[in-house]
Amino acid sequence: MAYTRVPISPNQQLGPGLYEAELVVSGDIRRATRTDLQRVLSAKFGQAVEVVDWGRSGGNYVLQFRVKQTQAQVQTDDLYQPAAFFVPIIITVAAIAGAIYYAYRFVVEIKSAFALVSQPARDTAVGGVGVGMAGLGLGAALFGLYLLARR
């Protein structure tokens, strides 16, 4: 396999690919582990780096490494699309608002219908309708959450 040697600046962003670097290092690089070298290179270049091989060639050290493609460079069709969340949110908000309005109108109608009934019986009926409408609103909210979770 042939390598093209290109000068690399320490601040340069590297694209995905295989690189070979000739290093002037003080100390013995043979004691370095693959993990140590990968950590140093990743910190230096700010990208995911996989060390392929390293060793001594003549008076210098040679390091072969591969820059991996990061998530920012990956292009997929499953990117986050906020517009897809608006429809279930709008349906949920409309269902809750509709349930609350319907409960209000229903309570007003029930109150007027029970005007001739004694006060304790009216309070029981209105309370029961309120609990039922709250359950309907909760059901609408859960349906909206189901639509969001299904995405």
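Guide: The protein chain has 3 helices and 3 strands, and from the N terminus on its elements run β-α-β-β-α-α. This is a predicted model, in which local features need pLDDT of at least 70 and side-chain atom pairs count only at pLDDT 80 or more, while totals for chains, interfaces and linings use all residues. Residues are numbered from 1 along each chain as its sequence is written, and side-chain values use heavy atoms, with hydrogens and water left out.

Visitor: What makes a run of residues a helix or a strand here?

Guide: Both are DSSP runs numbered from the N terminus, a helix being H or I over at least four residues and a strand being E over at least two.

Visitor: How many aromatic pairs does a search of the whole structure find?

Guide: The search finds 1 aromatic pair. The rings of Tyr102 and Phe106 have centres 5.8 Å apart, inside the limit for pairing (within 6.5 Å), and their planes lie at 20°, so the pair is stacked (under 30 degrees; over 60 would be edge-to-face and the rest tilted).

Visitor: Why are Tyr102 and Phe106 separated by about one helical turn?

Guide: Because they are 4 residues apart in helix H2, which covers residues 83–113.

Technical notes. Phe/Tyr/Trp six-rings, centres within 6.5 Å; stacked < 30°, edge-to-face > 60°.
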